[in-house]
Amino acid sequence: MRHDFAKSNMKNYYDILGVGKKASKDEIKKAFRSLAHKYHPDKKGGDAEKFKEANEAYSVLSDDQKRAQYDTYGQTFAGGNGGGFSGNWEDIMRQAGQGGFDFSGFANGAQGGFSAEGFDLGDIFGEFFSGGRNSRVKRGRDISIDIELEFSEAIFGVDRAILLNKISVCQTCDGTGGKKGTEQVTCQTCNGKGKIREMKRSIFGSIEVARTCETCVGSGKVPKEKCQICDGLGILKKEEEIKIKTPAGIDNGEMIRYSGGGEAVKGGTPGDLYIKIHVKGHKLFRKEGNDLIMNLDVKLSDALLGAKIDIQTLDGLSTLNIPEGANTGDILQIKGKGVPSGNRRGDILINLKVTLPKKLSKSAREAVQKLKEEGL
(Lines give C-alpha, C1' and ligand atoms only; values in the text may rest on other atoms or scores of the structure.)
Protein backbone atom coordinates (compact mmCIF):
# COMPACT_ATOMS: atom_id res chain seq x y z
CA MET A 1 0.00 0.00 0.00
CA ARG A 2 1.50 3.35 -1.06
CA HIS A 3 2.10 6.10 1.44
CA ASP A 4 -0.31 9.08 1.46
CA PHE A 5 1.92 12.19 1.59
CA ALA A 6 -0.98 14.51 2.33
CA LYS A 7 -1.68 12.82 5.64
CA SER A 8 1.91 12.59 6.81
CA ASN A 9 4.63 14.84 8.20
CA MET A 10 7.12 13.30 5.80
CA LYS A 11 8.55 15.54 3.11
CA ASN A 12 7.45 14.97 -0.45
CA TYR A 13 10.78 14.52 -2.22
CA TYR A 14 9.17 14.58 -5.65
CA ASP A 15 7.62 17.98 -4.95
CA ILE A 16 10.92 19.29 -3.57
CA LEU A 17 12.72 18.43 -6.80
CA GLY A 18 9.72 19.44 -8.91
CA VAL A 19 9.42 16.12 -10.72
CA GLY A 20 6.71 13.52 -11.08
CA LYS A 21 6.71 10.13 -9.37
CA LYS A 22 7.54 8.48 -12.66
CA ALA A 23 10.53 10.72 -13.35
CA SER A 24 13.61 9.02 -14.73
CA LYS A 25 17.02 9.12 -13.08
CA ASP A 26 18.23 11.63 -15.63
CA GLU A 27 15.27 13.91 -14.92
CA ILE A 28 15.93 13.66 -11.18
CA LYS A 29 19.62 14.48 -11.67
CA LYS A 30 18.79 17.42 -13.90
CA ALA A 31 16.28 18.77 -11.39
CA PHE A 32 18.75 18.43 -8.52
CA ARG A 33 21.52 20.19 -10.42
CA SER A 34 19.18 23.06 -11.25
CA LEU A 35 18.10 23.49 -7.62
CA ALA A 36 21.67 23.13 -6.36
CA HIS A 37 22.76 25.99 -8.61
CA LYS A 38 19.83 28.11 -7.49
CA TYR A 39 20.00 27.56 -3.73
CA HIS A 40 23.69 26.91 -3.01
CA PRO A 41 24.60 28.95 0.13
CA ASP A 42 27.66 30.50 -1.48
CA LYS A 43 25.67 31.94 -4.37
CA LYS A 44 23.93 35.30 -4.19
CA GLY A 45 20.32 34.72 -3.17
CA GLY A 46 21.10 31.15 -2.09
CA ASP A 47 19.07 29.31 0.54
CA ALA A 48 20.88 26.78 2.75
CA GLU A 49 17.70 25.07 3.96
CA LYS A 50 16.29 24.57 0.47
CA PHE A 51 19.67 23.38 -0.70
CA LYS A 52 19.71 20.73 2.05
CA GLU A 53 16.18 19.69 1.20
CA ALA A 54 17.06 19.26 -2.46
CA ASN A 55 20.11 17.20 -1.55
CA GLU A 56 18.09 15.07 0.85
CA ALA A 57 15.50 14.39 -1.83
CA TYR A 58 18.15 13.55 -4.41
CA SER A 59 20.07 11.23 -2.07
CA VAL A 60 16.94 9.11 -1.77
CA LEU A 61 15.40 9.31 -5.24
CA SER A 62 18.70 8.70 -7.03
CA ASP A 63 19.09 5.34 -5.28
CA ASP A 64 16.84 2.59 -6.65
CA GLN A 65 16.53 0.70 -3.37
CA LYS A 66 15.85 3.77 -1.25
CA ARG A 67 13.42 5.15 -3.82
CA ALA A 68 11.47 1.91 -3.78
CA GLN A 69 11.33 1.98 0.04
CA TYR A 70 10.30 5.61 -0.01
CA ASP A 71 7.54 5.05 -2.59
CA THR A 72 6.16 2.18 -0.56
CA TYR A 73 6.61 3.31 3.05
CA GLY A 74 7.29 7.04 2.84
CA GLN A 75 10.76 6.57 4.31
CA THR A 76 14.00 4.67 3.87
CA PHE A 77 15.56 2.21 6.27
CA ALA A 78 19.21 2.09 5.19
CA GLY A 79 20.01 5.44 6.77
CA GLY A 80 17.06 6.33 8.99
CA ASN A 81 14.33 8.50 7.48
CA GLY A 82 16.21 9.50 4.37
CA GLY A 83 17.90 12.31 6.23
CA GLY A 84 20.13 13.87 3.64
CA PHE A 85 23.63 12.46 3.60
CA SER A 86 22.90 8.74 3.57
CA GLY A 87 22.62 8.62 -0.21
CA ASN A 88 25.08 8.04 -3.02
CA TRP A 89 27.42 10.95 -2.31
CA GLU A 90 29.98 10.09 -4.97
CA ASP A 91 27.21 10.37 -7.58
CA ILE A 92 25.74 13.51 -6.01
CA MET A 93 29.07 15.28 -5.91
CA ARG A 94 30.00 14.19 -9.40
CA GLN A 95 26.79 15.64 -10.81
CA ALA A 96 27.11 18.82 -8.76
CA GLY A 97 30.74 19.17 -9.79
CA GLN A 98 29.73 19.00 -13.44
CA GLY A 99 27.40 21.89 -12.72
CA GLY A 100 30.38 24.04 -11.84
CA PHE A 101 29.53 25.41 -8.39
CA ASP A 102 31.66 25.57 -5.30
CA PHE A 103 31.13 23.56 -2.12
CA SER A 104 33.55 25.62 -0.05
CA GLY A 105 30.67 27.04 1.99
CA PHE A 106 30.12 23.65 3.61
CA ALA A 107 33.15 24.28 5.78
CA ASN A 108 31.37 27.21 7.48
CA GLY A 109 28.44 26.18 9.60
CA ALA A 110 27.39 29.82 10.00
CA GLN A 111 26.52 29.88 6.31
CA GLY A 112 24.13 27.02 6.62
CA GLY A 113 26.73 24.41 5.81
CA PHE A 114 27.87 21.35 7.69
CA SER A 115 30.92 20.64 9.76
CA ALA A 116 32.31 17.69 11.62
CA GLU A 117 35.10 17.52 14.13
CA GLY A 118 38.33 16.34 12.55
CA PHE A 119 37.30 16.91 8.92
CA ASP A 120 37.97 19.82 6.63
CA LEU A 121 34.89 19.71 4.44
CA GLY A 122 35.98 22.70 2.38
CA ASP A 123 39.18 20.84 1.60
CA ILE A 124 37.34 17.66 0.66
CA PHE A 125 34.88 19.37 -1.67
CA GLY A 126 37.53 21.71 -3.05
CA GLU A 127 39.82 18.84 -3.93
CA PHE A 128 37.01 16.80 -5.46
CA PHE A 129 35.68 19.52 -7.74
CA SER A 130 38.68 21.74 -8.53
CA GLY A 131 41.48 19.20 -8.60
CA GLY A 132 42.57 20.02 -5.07
CA ARG A 133 44.16 22.95 -3.39
CA ASN A 134 47.50 21.80 -4.69
CA SER A 135 46.26 22.40 -8.25
CA ARG A 136 46.35 26.12 -7.61
CA VAL A 137 49.46 27.96 -8.67
CA LYS A 138 51.93 27.93 -5.82
CA ARG A 139 53.24 31.25 -4.61
CA GLY A 140 56.40 32.03 -2.71
CA ARG A 141 56.53 33.83 0.61
CA ASP A 142 56.24 37.61 0.73
CA ILE A 143 59.08 39.58 2.31
CA SER A 144 58.79 42.85 4.21
CA ILE A 145 61.72 45.17 4.93
CA ASP A 146 62.23 48.72 6.21
CA ILE A 147 64.54 51.34 4.74
CA GLU A 148 65.40 54.86 5.93
CA LEU A 149 65.70 57.83 3.58
CA GLU A 150 67.16 61.25 4.03
CA PHE A 151 64.61 64.04 3.68
CA SER A 152 66.03 65.15 0.32
CA GLU A 153 66.04 61.54 -0.96
CA ALA A 154 62.35 61.28 -0.19
CA ILE A 155 61.65 64.58 -1.96
CA PHE A 156 63.56 63.84 -5.17
CA GLY A 157 63.43 60.04 -5.19
CA VAL A 158 66.47 57.80 -5.05
CA ASP A 159 67.83 54.54 -6.47
CA ARG A 160 68.95 52.00 -3.90
CA ALA A 161 70.56 48.58 -4.09
CA ILE A 162 69.70 46.30 -1.18
CA LEU A 163 70.97 42.83 -0.32
CA LEU A 164 68.45 40.20 0.69
CA ASN A 165 69.19 36.69 1.88
CA LYS A 166 66.21 34.82 0.46
CA ILE A 167 65.10 31.78 -1.50
CA SER A 168 65.61 32.57 -5.18
CA VAL A 169 65.47 30.82 -8.53
CA CYS A 170 68.68 28.94 -9.28
CA GLN A 171 70.49 30.88 -12.00
CA THR A 172 72.55 27.86 -13.03
CA CYS A 173 69.56 25.79 -14.17
CA ASP A 174 67.07 28.67 -14.55
CA GLY A 175 64.79 26.96 -12.07
CA THR A 176 64.45 23.67 -13.96
CA GLY A 177 66.40 21.71 -11.36
CA GLY A 178 68.30 19.92 -14.10
CA LYS A 179 71.87 19.94 -15.28
CA LYS A 180 72.41 22.02 -18.41
CA GLY A 181 71.55 19.97 -21.49
CA THR A 182 70.12 17.01 -19.58
CA GLU A 183 67.04 15.30 -20.96
CA GLN A 184 63.65 15.18 -19.28
CA VAL A 185 62.41 11.76 -18.16
CA THR A 186 59.13 10.46 -16.82
CA CYS A 187 58.52 11.26 -13.16
CA GLN A 188 58.59 8.03 -11.19
CA THR A 189 56.52 9.42 -8.34
CA CYS A 190 53.38 10.02 -10.42
CA ASN A 191 54.35 7.84 -13.40
CA GLY A 192 54.19 10.86 -15.69
CA LYS A 193 50.62 11.81 -14.79
CA GLY A 194 51.48 15.00 -12.94
CA LYS A 195 48.99 14.13 -10.23
CA ILE A 196 48.73 11.61 -7.45
CA ARG A 197 45.38 10.12 -6.49
CA GLU A 198 44.72 9.30 -2.88
CA MET A 199 41.80 8.23 -0.76
CA LYS A 200 40.61 10.58 1.93
CA ARG A 201 38.42 9.41 4.75
CA SER A 202 35.49 11.65 5.62
CA ILE A 203 32.12 11.50 7.33
CA PHE A 204 30.71 10.66 3.90
CA GLY A 205 33.00 7.69 3.50
CA SER A 206 36.16 7.37 1.45
CA ILE A 207 36.56 9.96 -1.29
CA GLU A 208 39.21 9.80 -3.99
CA VAL A 209 40.96 13.10 -4.64
CA ALA A 210 43.88 14.12 -6.83
CA ARG A 211 46.74 16.38 -5.82
CA THR A 212 49.60 17.82 -7.84
CA CYS A 213 52.73 15.73 -7.75
CA GLU A 214 55.31 17.58 -5.68
CA THR A 215 58.24 15.88 -7.39
CA CYS A 216 57.52 17.11 -10.92
CA VAL A 217 55.16 19.93 -9.88
CA GLY A 218 52.47 18.64 -12.23
CA SER A 219 54.57 18.42 -15.38
CA GLY A 220 55.00 14.64 -15.33
CA LYS A 221 58.66 15.10 -16.26
CA VAL A 222 61.86 15.49 -14.24
CA PRO A 223 65.46 16.13 -15.37
CA LYS A 224 67.54 13.00 -15.76
CA GLU A 225 70.53 14.66 -14.08
CA LYS A 226 70.08 17.09 -11.21
CA CYS A 227 71.58 20.55 -11.09
CA GLN A 228 74.52 20.31 -8.70
CA ILE A 229 74.07 23.85 -7.43
CA CYS A 230 70.46 23.54 -6.21
CA ASP A 231 70.41 19.72 -5.95
CA GLY A 232 67.53 19.52 -8.41
CA LEU A 233 65.23 21.82 -6.51
CA GLY A 234 65.39 24.70 -8.96
CA ILE A 235 65.55 27.11 -6.02
CA LEU A 236 68.11 27.86 -3.34
CA LYS A 237 68.73 30.31 -0.53
CA LYS A 238 71.27 32.94 -1.44
CA GLU A 239 72.15 36.60 -1.06
CA GLU A 240 70.60 38.59 -3.87
CA GLU A 241 70.95 42.25 -4.77
CA ILE A 242 67.70 44.00 -5.59
CA LYS A 243 67.63 47.47 -7.07
CA ILE A 244 64.74 49.65 -6.01
CA LYS A 245 63.65 53.13 -7.02
CA THR A 246 61.72 55.28 -4.59
CA PRO A 247 59.42 57.81 -6.27
CA ALA A 248 59.80 61.54 -5.69
CA GLY A 249 57.68 62.90 -2.88
CA ILE A 250 57.21 59.63 -1.00
CA ASP A 251 55.90 60.09 2.53
CA ASN A 252 57.05 58.63 5.79
CA GLY A 253 55.32 55.30 6.47
CA GLU A 254 54.41 54.60 2.84
CA MET A 255 54.85 51.08 1.46
CA ILE A 256 56.36 50.14 -1.89
CA ARG A 257 55.42 46.76 -3.40
CA TYR A 258 57.78 45.03 -5.80
CA SER A 259 55.88 42.24 -7.53
CA GLY A 260 57.96 39.06 -7.68
CA GLY A 261 60.61 40.43 -5.35
CA GLY A 262 59.81 37.94 -2.59
CA GLU A 263 60.91 34.33 -2.18
CA ALA A 264 60.74 31.83 -5.03
CA VAL A 265 58.93 28.49 -4.88
CA LYS A 266 59.42 25.41 -7.02
CA GLY A 267 56.90 25.23 -9.83
CA GLY A 268 55.20 28.47 -8.86
CA THR A 269 55.47 32.22 -8.85
CA PRO A 270 57.62 34.22 -6.41
CA GLY A 271 56.08 36.24 -3.63
CA ASP A 272 56.25 40.03 -3.40
CA LEU A 273 58.66 42.36 -1.67
CA TYR A 274 57.14 45.07 0.54
CA ILE A 275 59.33 48.01 1.49
CA LYS A 276 58.25 50.34 4.28
CA ILE A 277 59.73 53.84 4.00
CA HIS A 278 61.00 55.83 6.98
CA VAL A 279 61.90 59.46 6.19
CA LYS A 280 64.29 61.38 8.42
CA GLY A 281 63.14 64.78 9.58
CA HIS A 282 64.68 68.01 8.28
CA LYS A 283 65.93 70.85 10.47
CA LEU A 284 64.27 73.49 8.28
CA PHE A 285 61.48 72.02 6.13
CA ARG A 286 58.42 69.88 6.51
CA LYS A 287 56.41 68.47 3.63
CA GLU A 288 52.74 69.24 2.98
CA GLY A 289 51.53 67.81 -0.30
CA ASN A 290 53.81 69.14 -3.02
CA ASP A 291 54.95 72.14 -0.98
CA LEU A 292 57.73 72.55 1.54
CA ILE A 293 56.90 74.59 4.63
CA MET A 294 59.39 76.50 6.74
CA ASN A 295 59.39 79.18 9.45
CA LEU A 296 61.58 82.29 9.24
CA ASP A 297 62.43 84.75 11.97
CA VAL A 298 62.70 88.33 10.58
CA LYS A 299 64.27 91.28 12.31
CA LEU A 300 61.99 94.23 13.04
CA SER A 301 64.06 96.52 10.82
CA ASP A 302 63.84 94.09 7.87
CA ALA A 303 60.10 93.77 8.38
CA LEU A 304 59.65 97.53 8.43
CA LEU A 305 62.03 98.47 5.65
CA GLY A 306 62.07 95.32 3.55
CA ALA A 307 65.09 93.16 2.82
CA LYS A 308 66.61 90.43 0.65
CA ILE A 309 67.57 87.24 2.49
CA ASP A 310 69.33 84.12 1.15
CA ILE A 311 67.42 80.91 1.94
CA GLN A 312 69.13 77.52 1.83
CA THR A 313 66.73 75.33 -0.18
CA LEU A 314 67.18 71.67 -1.14
CA ASP A 315 68.51 72.92 -4.49
CA GLY A 316 70.95 75.45 -3.05
CA LEU A 317 70.65 79.16 -2.15
CA SER A 318 67.62 81.15 -3.28
CA THR A 319 66.94 84.85 -2.62
CA LEU A 320 63.79 85.77 -0.72
CA ASN A 321 62.42 89.31 -1.06
CA ILE A 322 60.82 90.54 2.17
CA PRO A 323 58.49 93.45 1.36
CA GLU A 324 58.28 96.61 3.46
CA GLY A 325 55.81 96.36 6.30
CA ALA A 326 55.93 92.55 6.52
CA ASN A 327 54.24 91.17 9.60
CA THR A 328 54.15 88.01 11.70
CA GLY A 329 51.90 85.41 10.05
CA ASP A 330 52.59 86.59 6.51
CA ILE A 331 53.41 83.76 4.10
CA LEU A 332 56.01 84.35 1.40
CA GLN A 333 56.73 82.04 -1.50
CA ILE A 334 59.68 80.70 -3.44
CA LYS A 335 58.21 79.17 -6.57
CA GLY A 336 59.29 75.87 -8.09
CA LYS A 337 61.56 74.73 -5.28
CA GLY A 338 59.17 72.29 -3.62
CA VAL A 339 58.36 68.62 -4.30
CA PRO A 340 58.59 67.33 -7.89
CA SER A 341 55.24 66.14 -9.25
CA GLY A 342 55.11 65.15 -12.90
CA ASN A 343 56.37 68.00 -15.03
CA ARG A 344 56.14 70.63 -12.31
CA ARG A 345 57.26 71.24 -8.77
CA GLY A 346 55.59 72.59 -5.71
CA ASP A 347 56.72 75.71 -3.90
CA ILE A 348 58.44 76.67 -0.68
CA LEU A 349 56.02 78.46 1.64
CA ILE A 350 57.67 80.62 4.31
CA ASN A 351 55.86 81.63 7.49
CA LEU A 352 57.24 84.93 8.79
CA LYS A 353 57.72 85.73 12.44
CA VAL A 354 58.87 89.28 13.24
CA THR A 355 61.17 89.24 16.24
CA LEU A 356 61.25 92.20 18.61
CA PRO A 357 64.44 93.27 20.40
CA LYS A 358 64.47 92.74 24.15
CA LYS A 359 66.64 95.84 24.71
CA LEU A 360 66.94 99.11 22.76
CA SER A 361 69.92 101.38 22.48
CA LYS A 362 69.46 105.09 23.16
CA SER A 363 69.38 105.96 19.47
CA ALA A 364 66.97 103.08 18.73
CA ARG A 365 64.71 104.24 21.54
CA GLU A 366 64.69 107.77 20.15
CA ALA A 367 63.82 106.43 16.68
CA VAL A 368 60.94 104.38 18.06
CA GLN A 369 59.77 107.43 20.04
CA LYS A 370 59.57 109.39 16.80
CA LEU A 371 57.53 106.63 15.23
CA LYS A 372 55.20 106.74 18.18
CA GLU A 373 54.78 110.46 17.85
CA GLU A 374 53.90 109.95 14.20
CA GLY A 375 51.22 107.47 15.24
CA LEU A 376 53.03 104.40 14.01
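Let me begin with Ile162, which counts as buried because its relative accessibility is 12%, where buried means under 20% relative accessible area, exposed over 50% and partly exposed in between, with a 1.4 Å probe and protein chains only. This is a predicted model, in which local features need pLDDT of at least 70 and side-chain atom pairs count only at pLDDT 80 or more, while totals for chains, interfaces and linings use all residues. Residues are numbered from 1 along each chain as its sequence is written, and side-chain values use heavy atoms, with hydrogens and water left out.

Ile162 sits in strand 2, residues 158-169; helices (H or I, at least four residues) and strands (E, at least two) are DSSP runs, numbered from the N terminus. Setting aside neighbours within four places in sequence, Ile162 is in contact with Ile145, Glu240, Glu241, Ile242, Ile244 and Leu273, contact meaning heavy atoms within 4.5 Å. The C-alpha atoms of Ile162 and Ile147, 15 residues apart along the chain, are 9.3 Å from each other.

Ile145 and Leu273 bring us to the largest nonpolar core, which has 35 residues, and both are listed among those with the most contacts inside it, as is Ile350. A nonpolar core here is a set of buried Ala, Val, Leu, Ile, Met, Phe, Trp, Tyr and Cys residues joined through side-chain atoms within 4.5 Å. Beyond four places in sequence, Ile350 is in contact with Met294, Leu296, Ile311, Leu320, Asp330, Ile331, Leu332 and Ile334. Apart from that core lies another, of 18 residues, including Tyr14, Leu17, Leu35 and Ala36.

What does Ser318 touch, not counting residues up to four places away in sequence? The partners of Ser318 are Ile309, Asp310, Ile311, Thr313, Ile334 and Lys337. Ser318 belongs to strand 13, residues 316-322, and counts as buried because its relative accessibility is 12%.

Now to the helices. Helix 2 (residues 25-39) packs on helix 3 (residues 48-61) at an angle of about 165°, the axes being 9 Å apart; axes are lines fitted to C-alpha atoms, for helices over the stretch in contact, and angles run from 0 to 180 degrees between N-to-C directions. Helix 2 and helix 3 are therefore roughly antiparallel, a label for angles over 145 degrees. On the helix 2 side, the residues that meet helix 3 include Phe32, Leu35 and Ala36.

For the chain as a whole, the secondary structure comes to nine helices and 17 strands, and buried residues make up 36% of the 376 residues.

Definitions and conventions: Parallel < 35°, antiparallel > 145°, perpendicular 65-115°, else oblique.
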